[in-house]
Amino acid sequence: MTRIDTIPADGTTAVTVRGLVKHYGATKALDGVDLDVREGTVLGVLGPNGAGKTTLVRCLSTLILPDAGTAVVAGFDVVKQPRQLRRTIGLTGQYASVDEKLAGWENLYMIGRLLDLPRPAARKRADELLERFSLTEAAKKPVLQYSGGMRRRLDLAASMIGQPAVLYLDEPTTGLDPRTRNEVWAEVKRMVADGVTVLLTTQYMEEAEQLASELTVIDRGRVVAGGKVDELKAKVGGRTLEIRPSDPGQLPEMARALSETGLDGIAGSQIHDGMLFVPILADVQLTAVIGLLGGRGFDIAHIGTHLPSLDEVFLAITGEKASEQSDGTPTDAQLKGAAA
Ligand SMILES: Nc1ncnc2c1ncn2[C@@H]1O[C@H](COP(=O)(O)OP(=O)(O)OP(=O)(O)O)[C@@H](O)[C@H]1O
Ligand SMILES: [Mg+2]
């Protein structure tokens with residue numbers, strides 16, 4: 001097998017995408033996307049409905065051909081070496097890809113056979129993965145009888161059969177309840193601990209925060225921001241100081257005392273949920289605020305700071321709330337909604 005020599009010699013980048021373009025008629029689903037996923041890490045690709053996430057995953061899985069640009073995964077070019085590339089990747093698509101009429105075990109065994117595993121090896125792998133994803137008890141039941149979370153876990157198990165070096169997870173927890181979402185996250189974390197490189201698409205800021213070390217934010221087929229999760233959050237705005245007085249009745253008085261200081265950003269302070277939230281633009285302000293409140297004898301029950309949430313980050317970067325594309329073309333989510 002020949003490896004493409006555009007891959008960095010140190011081999012630390014598992015996925016390299018440059019200028020990737022994909023059009024559907026007049027829709028630019030991908031409009032020149034660049035990204036890198038470092039080996040053994042999780043890159044979160046964050047974007048609203050219709051941003052181009054699934055199109056990206058399809059290109060990187062060789063399911064569709066890009067119109068322009070390059071993408072190299074585990075050293076293989078998506079256009080020139082699709083066969084080799086497919087052997088190194090796993091894919092959990094946005095919608096369950098397992099056969100509902102078959103039992104969980106049968107699904108995994110069949111995929112193993114399709115991947116050319118000898119019968120005993122396919123059997124062993126199916127058993128191992130069912131055990132690992134806590135599906136052993138449900139192994140013989142048809143998938144039709146599985147809950148949403150069990151299906152997702154089976155999907156993840158199915159994508160792991162070929163022991164992929166690079167795994168794509170396209171919105172792995174959309175539609176799951178919080179508990180099931182946590183279970184899926186735990187499994188993804190285990191895979192990453194085992195050395196799998198993951199490209200994860202999501203609309204959930206919390207999911208990106210939980211799983212990804214780096215983020216690429218896309219909107220209408222273009223990368224609008226990227227970097228380490230914390231860096232992105234810090235870039236968007238400073239920290240917010242939250243103060244809860246022992247007596248909520250003191251909140252207005254506290255706010256008034258602070259406003260008299262005339263510190264930068266103080267005017268943006270807000271009172272809600274029994275707390276005073278103060279924008280902190282520089283560390284010296286933090287000391288000033290705490291010093292002042294202490295000096296005035298306010299009784300404080302809780303004090304803390306937080307960085308902006310990724311929802312706020314997205315809003316600040318794209319200038320709008322995560323929204324659907326407005327060209328009238330239905331997105332996956334809309335099609336799914338229409339089918340339901
Ligand atoms: N097969 C297709 N034919 C025509 N247009 C398509 C096709 N697939 C996607 N599109 C369009 O390309 C754009 C990107 O779609 P894509 O499915 O990649 O977005 P997404 O980020 O995965 O959205 P969602 O969060 O809803 O899954 C959208 O405008 C969509 O309507
Ligand atoms: Mg999608």
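Just after helix α3, Asp 116 adopts a positive phi of about 70° in this predicted model. Helix α3 itself spans residues 104-114, and helix α4 covers residues 119-132.

**Helix α3 and its partners**

Within α3, the buried residues are Gly 104, Trp 105, Asn 107, Leu 108, Tyr 109, Ile 111 and Gly 112. These buried residues pack against α4 and against α5, which runs over 148-160.

The α3 and α4 helices pack at an angle of about 135°, and their axes are 8 Å apart. That angle makes α3 oblique to α4. The crossing of α3 past α4 is right-handed. On the α3 side the contact is formed by Gly 104, Trp 105, Leu 108, Tyr 109, Gly 112 and Arg 113, while α4 supplies Ala 121, Ala 122, Arg 123, Arg 125, Ala 126, Leu 129 and Leu 130. Sorted by class, this contact of α3 with α4 holds eight nonpolar, two polar and three charged residues.

Toward α5, the axis of α3 comes within 9 Å and crosses at roughly 20°. The two helices α3 and α5 are therefore roughly parallel to each other. Here too α3 passes α5 in a right-handed crossing. Gly 104, Asn 107, Leu 108 and Ile 111 of α3 make the contact with Leu 154, Ala 157 and Ala 158 of α5. The residues of this contact of α3 with α5 comprise five nonpolar, two polar and no charged.

**Helix α5 and helix α6**

Helix α6 comprises residues 178-193 and packs with α5 at an angle of about 15°, the axes being 9 Å apart. This pair, α5 and α6, is therefore roughly parallel. The crossing of α5 and α6 is right-handed. From α5, Gly 148, Gly 149, Arg 152, Arg 153 and Leu 156 meet Thr 180, Glu 183, Val 184 and Glu 187 of α6. By class, the contact of α5 with α6 divides into two nonpolar, three polar and four charged residues.

| Helix pair | Angle | Axis separation |
|---|---|---|
| α3 and α4 | about 135° | 8 Å apart |
| α3 and α5 | roughly 20° | within 9 Å |
| α5 and α6 | about 15° | 9 Å apart |

**Nonpolar cores**

The largest nonpolar core contains 69 residues, of which Leu 60, Val 73, Leu 108, Ala 157, Val 198 and Leu 199 touch the most other members. A second, separate core has nine residues, among them Leu 241, Ile 243, Val 278 and Leu 293. Leu 108 and Ala 157 also take part in the contact between α3 and α5. Apart from neighbours within four places in sequence, Val 198 contacts Val 42, Leu 167, Leu 169, Val 188, Met 191 and Val 192.

**Leu 35 in strand β2**

Leu 35 lies in strand β2, which consists of residues 27-38. Leu 35 counts as buried because 21 C-beta neighbours lie inside 10 Å. When residues up to four places away in sequence are not counted, Leu 35 touches Val 17, Leu 43, Thr 216 and Val 223. Between Leu 35 and Arg 18 the C-alpha to C-alpha distance is 6.7 Å, and the two are 17 residues apart in sequence.

**The protein as a whole**

The protein has twelve helices and 14 strands. Of its 340 residues, 36% count as buried. Among contacts in the protein with a separation of 6 or more, 69% join residues 24 or more positions apart.

Key: Residues are numbered from 1 along each chain as its sequence is written. Chains are lettered from A and ligands numbered from 1 in the order in which they are written. This is a predicted model: local features need pLDDT of at least 70, side-chain atom pairs count only at pLDDT 80 or more; totals for chains, interfaces and linings use all residues. A nonpolar core is a set of buried Ala, Val, Leu, Ile, Met, Phe, Trp, Tyr and Cys residues joined through C-beta atoms within 7 Å. A residue is buried if 20 or more other C-beta atoms lie within 10 Å of its own, exposed if 12 or fewer, and partly exposed in between; C-beta atoms are placed from the backbone. Two residues are in contact if their C-beta atoms, placed from the backbone, lie within 7 Å. Axes are lines fitted to C-alpha atoms, for helices over the stretch in contact, and angles run from 0 to 180 degrees between N-to-C directions. Helices (H or I, at least four residues) and strands (E, at least two) are DSSP runs, numbered from the N terminus. Angles under 35 degrees count as roughly parallel, over 145 as roughly antiparallel, 65 to 115 as roughly perpendicular and the rest as oblique. A crossing is left-handed if the near helix is turned anticlockwise from the far one by less than a right angle, and right-handed if clockwise. Ala, Val, Leu, Ile, Met, Phe, Trp, Tyr, Cys and Pro count as nonpolar, Asp, Glu, Lys and Arg as charged, and the others, Gly among them, as polar.
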